[in-house]
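Student: I have a model open and would like to talk it through with you. Could we go over it together?

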Amino acid sequence: MTWNPGQQAMLEAMGYTLYRDVRAPDPAHPLMQALRRAAGGRDLSGLALPPLDQLRASAQAKRALWARLRALRRR
């Protein structure tokens, strides 16, 4: 199950330990694959990507990332 950052904070405050799903490491994550396609196959290491859960949940992080992706494609 995926929890948004607010839910994660609440669960951690209640003493729960949240575990990551290790079956799909970040490089094979569908969101990472989509980002690579959006970057035109260019190297994403210089973009300083936020954690994928934060990126998925935050519209502000998405807007900031797309601006950097467009700049990367222009190079």
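This is a predicted model: local features need pLDDT of at least 70, side-chain atom pairs count only at pLDDT 80 or more; totals for chains, interfaces and linings use all residues.

Student: Is Arg 68 buried, partly exposed or exposed?

Tutor: Residues are numbered from 1 along each chain as its sequence is written, and side-chain values use heavy atoms, with hydrogens and water left out. Buried means under 20% relative accessible area and exposed over 50%, with partly exposed in between (1.4 Å probe, protein chains only). Arg 68 has a relative accessibility of 32%, so the class is partly exposed.

Student: Which residues does Arg 68 touch, leaving out those up to four places away in sequence?

Tutor: Arg 68 sits in helix α4; helices here are DSSP runs of H or I with at least four residues, strands are E runs of at least two, and both are numbered from the N terminus. Contact means heavy atoms within 4.5 Å. With that cut-off, Arg 68 touches Leu 47, Ala 48 and Pro 50.

Student: How far is the backbone oxygen of Leu 47 from a polar atom of the Arg 68 side chain?

Tutor: Leu 47 is one of the residues that Arg 68 touches. The separation between that backbone oxygen and the side-chain polar atom is 3.1 Å.

Student: How is α2 oriented relative to α4: roughly parallel, roughly antiparallel, roughly perpendicular or oblique?

Tutor: Axes are lines fitted to C-alpha atoms, for helices over the stretch in contact, and angles run from 0 to 180 degrees between N-to-C directions. The axes of α2 and α4 (residues 59–74) are 9 Å apart, at an angle of about 40°. Angles under 35 degrees count as roughly parallel, over 145 as roughly antiparallel, 65 to 115 as roughly perpendicular and the rest as oblique. That makes the α2 orientation relative to α4 oblique.

Student: Which residues of α4 make the contact with α2?

Tutor: On the α2 side, the contact uses Leu 35, Arg 37 and Ala 38. On the α4 side, the residues are Leu 65, Trp 66, Leu 69 and Arg 73.

Student: What is the C-alpha to C-alpha distance between Gly 40 and Arg 73?

Tutor: Gly 40 lies in the loop between α2 (30–38) and α3 (52–57). Along the sequence, Gly 40 and Arg 73 are 33 residues apart. In space, their C-alpha distance is 6.5 Å.

Note on methods. A polar contact is a pair of N or O atoms within 3.5 Å; within protein, one must be able to donate a hydrogen and the other to accept it, and residues adjacent in sequence count only if both atoms are side-chain atoms.
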